[in-house]
Amino acid sequence: MSDLRNAGRYYWHYLKKYWRGFIISTLLIAFSTWCIVVAPTYLGRAVEQLTTYLGQWTNPATRAQASLSPFNHTLVIYVLLYVGDATTIFIASLILARVTAYSTGTMRVGLFRKMQRMQVKYFDTHSDGDILARFTSDLDNIFNAMNQALLEVLLAVAQFVGLLIVMFNQNVTMAWVTMASTPVALVIAALVMRKAGTAVNQQQDDIGRLNGYINEQITGQKVLITNGLQQDSFRGFETYNNQVRKSALTGQIWSGILNPLMQGMSLLNTAIVIFFGSWLALNGSLSKGAALALVVVFVNYAQQYYQPIMSLTSLYGMIQLAITGARRIDEVRNQPDEVNPVAGSHPDGIQHELKIDQVHFSYLPGKEILHGVTIDVQRGEMVALVGPTGSGKTTVMNLLNRFYDVDQGQISFDGTDIRTFDLNALRQNVGIVLQEPQLFTGTIADNIRYGDPAASMDRVIDAAKQANIHDFIESLPDRYLTRVSDEQSIFSAGQKQLMSIARTILTNPRLLILDEATSNVDTVTEAKIQAAMDNVIQGRTSFVIAHRLKTILNADKIVVLKSGRIIEQGTHAELLAENGFYAELYRNQMVFD
Amino acid sequence: MKVLMPYFKRYRVDVSVALLSVIVLVFATLWQPRLLQVVMTAIIKDDQQTVMREGLLLLGLAVLGIAGGVINTIYSARVALGVATDLRSDLYAKIQSFAYADVETFSASNLVVRMTNDINQVQQIVMAGFQQITRIPLLFIGALVLAIVTMPEQWWVIVVMMAIILFASWIAVGRMTKYFGQTQQDIENVNTVTRENLMGIRVVKSFVQETNEIKKFSHASDELTAVTAKIGYWFSILMPIFFLTANLAVGVAVYLVGQNITVHPSYLAAITSFISYLMQILYAVINGGFLMTFASRAVISLGRINEVLATQPSMSYVEGDDATPLVGDISFEHVTFTYPGDDQPTLTDVSFHIAAGAMLGIVGATGSGKTTLAQLIARLYDPDSGRITIGGVDVRQIPEKALRATVAYVLQRSTLFSGTIAANLKQVRPDAELSHMRWAANVAQASEFIERLPERYEAPVEERSQNFSGGQKQRLAITRGIIANPEVLILDDATSALDAKSEKLVQEAMDRDLTATTTVVIAEKIASIIRADQVLVLDHGRVSGIGTHQDLLQTNSIYQKIYQTQKAREEAAK
């Protein structure tokens with residue numbers, strides 16, 4: 001139920017500005033419905049008039065009075081009613097098509113805007129695939145439902161109400177006869193839909209498991225082949241595949257059976273109406289013409305009667321998906337934004353010192369990662385963070401850029417807490433080079449000037465030269481205008497890192513954080529990265545998160561972290577002399593013989 | 001379609017029942033207006049008996065219709081799921097028969113899409129096919145024939161109606177096809193921007209590019225919105241035109257009946273049934289149109305499935321179930337290899353020999369062909385020329401089972417399958433007991449963390465083994481690699497995520513416990529291969545040097561360079 005409320009709130013937010021469109025469409029639909037339900041009465045009247053005409057014409061005494069003009073007149077109205085119907089439906093669906101396209105467009109952009117405002121924490125705790133699915137399948141489901149269901153639901157409701165009114169106006173007995181089978185149909189529909197719901201859920205679960213298995217196995221095909229496990233894999237597959245066959249059969253039958261059942265009910269209903277209508281015509285007090293007309297009209301109604309119910313049941317699944325979709329997107333909408341102080345000051349680099357002061361931090365409440373870390377950095381110094389995986393090195397980087405905020409203690413530039421700075425201004429002062437750099441679709445030049453799209457080509461080339469990637473770029477046929485896409489990369493992992501360094505050099509940050517790439521880089525590229533890093537570090541206050549010690553031997557200060565605490569601090573020589581954890585680490589990595 | 005025929009044949013009975021029930025359903029639908037006409041005539045004639053009799057017949061017909069519809073659904077589902085399951089099974093068996101090069105040619109993710117989405121498309125179209133595709137032409141032809149029989153003079157009304165409808169659809173579909181193509185492109189653009197921003201959210205934020213990214217996204221999104229709106233507009237006009245045309249046709253028909261009622265008085269009773277037939281023709285055309293677009297997608301999917309089924313594995317093994325391992329001495333004789341689709345060979349004229357039980361280290365820059373060389377030993381590919389022998393036998397002459405029993409290959413990106421640790425180990429050595437697992441885990445330095453897990457060897461491995469760290473994954477992969485005590489063990493940068501200390505411990509344990517195993521170690525770090533009996537230096541796919549660490553330090557300039565880059569800083573710092 002809260003699902004429904006959240007979904008309602010979501011749609012209200014995005015659709016309320018289209019209220020005029022909705023009111024006009026609803027009015028138009030009401031009018032078209034009136035046309036559709038009234039039109040058969042004119043057809044009935046035409047038949048009645050024709051019967052009268054034929055009767056008069058057959059009788060020589062009245063033949064002279066026989067006239068077709070009332071019949072013709074009725075027919076013109078009949079046709080005009082359908083013209084009215086077509087026109088109004090056309091305008092209504094035009095309006096709704098516009099509303100659908102533009103409101104889902106706004107939803108899409110709204111979701112993206114939200115994404116840009118949200119805290120990094122959300123992205124770290126949700127898989128990319130899950131967030132992406134909200135942009136793709138959830139928004140798709142909403143679009144499909146609005147595109148198809150909006151008009152149909154309005155139409156179905158209007159038609160149903162209109163039909164009831166007209167039927168009771170025409171003939172109360174026949175109206176009741178037409179409606180007689182409704183309870184049976186509704187019970188059947190409810191039962192089948194409930195069965196279908198559980199069966200389809202089971203089917204989706206099984207399909208999910210099968211697809212998961214296929215994905216895992218085929219992605220690991222190299223392991224299967226090198227271990228000769230293909231037949232085992234096939235046997236495992238067959239189990240899942242047969243399970244899907246079984247549950248999907250039930251799912252497909254139950255969800256597929258509703259439509260023929262309802263169609264059958266409609267057929268049955270028509271038969272009942274004909275049966276009773278003709279009985280009424282023969283035994284009732286009506287004239288033959290009138291009775292005939294009644295049968296014609298009600299046969300038409302009986303055929304229409306189940307259509308709204310049928311379209312509502314066939315749309316049920318779609319609407320269900322749209323509700324879930326809205327709930328999932330609304331969930332994102334309610335995530336907290338990044339905290340940006342009102343009228344925050346703008347830092348001007350680091351004039352004297354950067355201080356990480358007694359910082360405590362935890363990603364999850366109760367699971368503290370940093371336990372009171374204090375680091376003093378003088379302007380222009382290079383600080384290296386060293387320590388085993390999970391020691392908290394990367395966390396420090398997350399805090400300096402305010403991807404996360406400290407729980408206790410503070411980080412300050414020249415004594416000013418970074419949380420009082422304007423968030424964007426702070427980040428413009430801090431440059432980071434990530435371990436796994438992300439490139440964006442566009443040209444190489446676009447990627448290098450990512451942080452400053454207005455930068456001139458000279459500055460781009462200059463940054464590339466400092467990052468040791470210029471020669472490689474020049475060797476490509478389109479040079480700086482070569483298109484980059486993250487999927488089919490022209491860059492190796494090492495070259496990507498160089499690109500990312502170039503990108504950072506161009507923005508000329510005052511404080512620099514370098515997260516060194518770990519593996520997958522051969523020694524020659526590694527040397528290039530080293531040189532590029534030396535270039536970028538020069539003259540800047542910098543933090544280097546090091547995985548290979550030889551990168552940081554020249555650091556002004558090496559901070560050794562272990563389990564969220566600083567255990568050693570000093571220069572390379574000092575730490576070697578101390579003969580502690582660092583010295584051990586160093587000997588393990590560097591000694592060849 | 002030809003692809004599906006053999007599958008339909010397997011479900012001959014279900015197919016027949018599904019088709020028969022469609023015919024029953026169509027008959028019930030089409031005959032009703034006919035009976036109605038008889039009833040109406042009887043009313044005009046005051047013939048009570050006929051009215052009762054035909055009325056009951058009508059009820060019977062309706063029940064028949066329901067039965068037909070229900071049975072049709074059940075049997076259509078049986079056929080659709082039977083065909084889809086069998087097709088999926090054959091497809092999977094085919095993929096499992098592929099050589100690795102074939103998997104790469106298609107790409108794993110592409111094969112997964114074919115196994116899932118494409119099969120699903122086919123399943124849906126088969127289901128719809130037996131429910132609708134057979135029904136629509138039958139309904140269409142039946143309604144057309146009956147309409148003409150009912151009022152033969154008015155055949156042209158039907159023809160004109162259909163001409164207008166088809167003309168309108170033709171114009172609209174032409175337009176919309178163009179727009180649909182454009183939506184695909186626009187959706188892709190939107191997704192690309194989203195994906196990049198998701199993965200690079202830290203980059204976006206640290207460079208303060210949120211506003212620009214929103215601009216970029218809005219641009220892509222607005223284009224998509226505009227095209228969807230256009231498609232919507234075309235749809236908006238299509239449906240009203242269809243129904244207006246059909247209702248105008250009804251008007252014209254009734255008018256004509258009126259003008260000639262004195263010639264054909266019986267038509268008075270036929271008006272309602274004629275209208276029903278007209279509407280059924282209309283519905284058949286509309287549904288037919290929808291199904292055509294639906295079917296065209298399924299045809300594409302079927303083509304993609306067939307492409308896989310028609311591919312012959314590019315590699316075959318000699319017959320034989322012999323799984324006896326060979327002796328582990330390996331030699332390469334003038335081996336040259338080019339990846340499918342490349343024009344430059346990755347390996348050129350590579351020759352060397354390693355004695356059984358020895359250790360070979362391979363070093364070289366990224367792209368020098370280290371992994372390729374290792375993959376040729378495991379016969380993931382065959383060389384263009386030259387030959388590779390294990391235990392003196394050309395690898396192409398070794399039965400698959402024997403080869404797999406001889407060579408164990410541990411990849412840099414370690415893949416474990418979801419299940420338990422034990423299940424992963426038993427895949428390679430089905431008779432593995434706890435003692436075997438303990439031994440292997442000890443060598444790989446994995447015991448230390450496995451023993452700390454509450455379920456130990458029965459601990460679950462989640463999908464993408466995300467419940468283990470990179471280093472733990474690699475240690476588990478090494479455990480799996482050695483559990484069968486292979487004759488040949490290839491470690492392809494398999495210790496890259498291990499810290500130096502653990503790596504050293506693994507090496508020492510292997511030296512101690514796997515003395516008979518020939519070990520091929522690919523490494524970035526010289527420290528990893530410094531104790532190898534022989535080190536092979538690869539440079540752009542050629543052997544630049546082979547020898548011990550000391551030999552190469554004296555003689556090989558490339559090796560010296562690699563050594564210097566790894567050593568230099570240390571000396572500089574001293």
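Student: How do the axes of helix 7 and helix 10 of chain B cross, and at roughly what angle?

Tutor: Start with the spans. This is a predicted model. In chain B, helix 7 covers residues 155-199 and helix 10 covers residues 267-309. Their axes come within 11 Å and cross at roughly 25°.

Student: Are the two helices roughly parallel or roughly antiparallel to each other?

Tutor: Use the angle. Angles under 35 degrees count as roughly parallel. The crossing here is roughly 25°. Helix 7 of chain B and helix 10 of chain B are therefore roughly parallel to each other.

Student: Is the crossing left-handed or right-handed?

Tutor: Helix 7 of chain B makes a right-handed crossing as it passes helix 10 of chain B.

Student: Which residues meet where helix 7 and helix 10 of chain B come together?

Tutor: Take one side at a time. Helix 7 of chain B brings B:Ile158, B:Met162, B:Ile165 and B:Ser169. Helix 10 of chain B brings B:Leu278, B:Ile281, B:Val285 and B:Gly289. Sorted by class, this contact has six nonpolar residues, two polar residues and no charged ones.

Student: Now single residues. Is B:Thr105 buried, exposed or partly exposed?

Tutor: Count neighbours. A residue is buried if 20 or more other C-beta atoms lie within 10 Å of its own, and exposed if 12 or fewer do. B:Thr105 has 15 other C-beta atoms within 10 Å, so B:Thr105 is partly exposed. Look for B:Thr105 in helix 4 of chain B, residues 100-106.

Student: How far apart are B:Thr105 and B:Gly341, in sequence and in space?

Tutor: Check both distances. Along the sequence, B:Thr105 and B:Gly341 are 236 residues apart. In space they are 9.0 Å apart, C-alpha to C-alpha.

Student: Where does A:Gly84 lie in chain A?

Tutor: A:Gly84 belongs to helix 3 of chain A, residues 69-117. Apply the neighbour count again. A:Gly84 has 17 other C-beta atoms within 10 Å, so A:Gly84 is partly exposed. A:Gly84 and A:Thr33 are 51 residues apart in sequence. From C-alpha to C-alpha, they are 9.9 Å apart in space.

Student: Zoom out. How many helices and strands does chain A have?

Tutor: Chain A has 19 helices and 12 strands. Its radius of gyration is 37 Å, well over the 25 Å that the globule rule gives for 593 residues, so chain A is more spread out than a compact globule. The C-alpha atoms of chain A fill a box of roughly 130 × 60 × 55 Å along the principal axes.

Student: What share of the residues of chain A count as buried?

Tutor: Of the 593 residues of chain A, the share is 44%. Contacts tell another part of the story. Take those in chain A between residues at least 6 apart in sequence: 79% join residues at least 24 apart.

Student: What does chain B come to, in helices and strands?

Tutor: Chain B has 20 helices and 12 strands. The radius of gyration of chain B is 36 Å, well over the 25 Å from the globule rule for 574 residues, so chain B is more spread out than a compact globule. Its C-alpha atoms fill a box of roughly 115 × 60 × 50 Å, taken along the principal axes. Of its 574 residues, 46% count as buried.

Student: How many residues of chain A are in contact with chain B?

Tutor: 121 residues of chain A are in contact with 122 residues of chain B. On the chain A side, helix 9, residues 230-283, gives the largest share, 27 residues. By class, that side has 66 nonpolar, 40 polar and 15 charged residues.

Conventions: Residues numbered from 1 in each chain as written. Chains lettered and ligands numbered in written order. Predicted model: local features only at pLDDT ≥ 70, side-chain atom pairs only at ≥ 80, totals over all residues. Helix = DSSP H or I, 4+ residues; strand = E, 2+ residues; numbered from the N terminus. Axes fitted to C-alpha atoms, helices over the stretch in contact; angles between N-to-C directions. Parallel < 35°, antiparallel > 145°, perpendicular 65-115°, else oblique. Left-handed = near helix turned anticlockwise from the far one by under 90°. Contact = placed C-beta atoms within 7 Å. Nonpolar A, V, L, I, M, F, W, Y, C, P; charged D, E, K, R; others polar. Rg over C-alpha atoms; globule rule 2.2 N^0.38 Å.
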